[in-house]
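User: I am new to this structure and would like to learn how to read its features one at a time. Please give the general idea where there is one, then the case at hand.

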Amino acid sequence: MSTTAATPRVNIPAIRARKGGTPLACLTAYTTPVARCLDDAVDLLLVGDSVGMVLYGMETTLGVPLEMMIQHGRAVVRGAARACVIVDMPFGTYQESPGTAFRNAARVMGETGCNGVKIEGGREMAETVAFLAARGVPVLGHVGLMPQSVHTVGGYRAQGRDPETAARIEDDARAIADAGAFAVVIEGTVAEVAAQVTRAVPVPTIGIGASPECDGQILVTEDMTGLSGDFVPRHVKRYASTGDDLEAAAHAYAEDVRLRRFPAPENLVGGGGGG
Ligand code: KIV
């Protein structure tokens with residue numbers, strides 16, 4: 001939170017240049033205060049469509065509207081002075097055609113001020129990635145486990161367990177990197193496969209439930225700070241117990257209110273007594 005206005009923002013070429021270098025530290029953010037807290041620490045903030053599940057309690061990411069991504073994208077850009085900010089394109093806003101993808105991505109870029117967008121998909125999205133990249137929209141790809149395809153694959157399952165799917169993930173990552181993606185997220189993929197993909201593509205890979213050999217890592221902030229319930233998925237490491245702290249704070253506050261300990265004299269506006 002100590003960033004000054006003079007600190008330059010991490011830009012797309014800087015992210016691209018981290019291939020094979022110091023790993024990229026990335027987290028999700030959906031709001032201005034959280035973006036402010038994370039901004040100094042990380043290289044990249046992703047306004048993920050996971051916002052629908054994490055903040056709005058949706059079952060999947062499929063119902064997330066473009067407007068939701070734009071609102072949260074704006075909020076994060078306001079809170080982040082330094083980190084590169086990428087906004088997810090939600091389901092249905094980019095798959096139909098490169099032209100539709102460009103129209104919607106241009107709205108996201110123009111209305112949020114973010115640095116680029118993320119889209120899920122492999123070979124089938126290569127033409128769209130090339131179309132966007134050639135027209136000034138930096139694209140972060142996303143292969144392996146793709147939550148927007150949850151119904152097609154029948155659940156949130158680790159990908160790349162057999163030689164065919166492992167080869168498909170590598171082909172997908174190569175295709176979108178060749179098409180101009182500046183980096184590729186590899187999600188929920190067997191570690192050796194993610195490591196092999198990392199060696200195979202010329203752009204940084206950012207792993208989540210993938211491999212330490214990826215060029216960077218990303219986690220959902222609410223998962224790693226203990227704000228998304230008691231279940232901790234295997235790919236997550238907890239770095240804080242914010243949910244427990246919040247619960248304890250709510251109990252302490254409620255008790256103070258019920259015992260008339262809050263507000264105390266020092267909390268009264270106008271210096272005491274009156275109002
Ligand atoms: O939506 C999201 O938060 C994501 C990350 C988990 C990579 O896609």
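**Reading the features**

Analyst: Start with Val54, which is found in helix 3 (residues 51-54). Keep in mind that the model is predicted.

User: Is Val54 buried, exposed or partly exposed?

Analyst: Val54 has a relative accessible area of 31%. Buried means under 20% and exposed means over 50%, so Val54 is partly exposed.

User: How do I read a pair of aromatic rings?

Analyst: Such a pair is described by the distance of the ring centres and the angle of the planes. Here the count comes to two aromatic pairs. For Phe102 and Phe131, the centres are 6.5 Å apart and the planes are at 75°, so the pair is edge-to-face. The cut-off used in that step is that planes over 60 degrees apart count as edge-to-face.

User: Why does the pair of Phe102 and Phe131 tie together separate parts of the sequence?

Analyst: Phe102 lies in helix 5 (residues 98-112) and Phe131 lies in helix 6 (residues 126-134), so the pair joins parts that are 29 residues apart in sequence. Phe102 is partly exposed, at a relative accessible area of 27%. Phe131 also counts as partly exposed, with 25% relative accessibility.

User: What lies over the face of Phe131?

Analyst: Arg135 does, at 3.6 Å from the ring centre.

User: Now salt bridges. How many are found in the whole structure?

Analyst: The search finds 12 salt bridges. One of them is formed by Arg18 and Asp43, whose closest N and O atoms are 3.2 Å apart. This pair links distant parts of the chain, 25 residues apart: Arg18 is in the loop between helix 1 (12-16) and strand 1 (24-28), and Asp43 is in the loop between helix 2 (32-38) and strand 2 (44-47). Asp43 has a relative accessible area of 10%, so this residue is buried.

User: Which residue forms a salt bridge with Asp172?

Analyst: Arg123 does, with 2.9 Å between the closest N and O atoms. Asp172 is in helix 8 and Arg123 is in the loop between strand 4 and helix 6, so placed that the pair links distant parts of the chain, 49 residues apart. Asp172 counts as buried at 5% relative accessibility, whereas Arg123 is partly exposed at 42%.

User: Where do Arg174 and Glu170 lie?

Analyst: Both are in helix 8, four residues apart, which is about one turn of the helix. Arg174 counts as partly exposed, with 37% relative accessibility, while Glu170 is buried, with a relative accessible area of 15%. Elsewhere, salt bridges that share partners join Glu67, Arg74, Arg107 and Glu111 into one network.

User: What does the side chain of His72 lie 2.7 Å from?

Analyst: A polar atom of that side chain lies 2.7 Å from the backbone oxygen of Tyr30. His72 is located in helix 4 (residues 66-79). At 9% relative accessibility, His72 counts as buried.

User: How do I read the backbone angles?

Analyst: Most residues other than glycine have a negative phi, and most peptide bonds are trans. In this structure, phi of Arg260 is near 55°, a positive value in a residue other than glycine. Arg260 is in the segment after helix 11, and this residue counts as exposed at 76% relative accessibility.

User: Which peptide bond is cis?

Analyst: The bond from Phe262 to Pro263 is cis, with omega near 0°. Pro263 is found in the segment after helix 11 (242-258).

Technical notes
Residues numbered from 1 in each chain as written. Predicted model: local features only at pLDDT ≥ 70, side-chain atom pairs only at ≥ 80, totals over all residues. Heavy atoms only, no water. Phe/Tyr/Trp six-rings, centres within 6.5 Å; stacked < 30°, edge-to-face > 60°. Helix = DSSP H or I, 4+ residues; strand = E, 2+ residues; numbered from the N terminus. Buried < 20%, exposed > 50% of the residue type's maximum accessible area, 1.4 Å probe, protein only. Lys NZ or Arg CZ within 6 Å of the ring centre and 35° of its normal. Polar contact = N/O pair within 3.5 Å; in protein donor to acceptor, adjacent residues only side chain to side chain. Salt bridge = Lys/Arg side-chain N within 4 Å of Asp/Glu carboxyl O.
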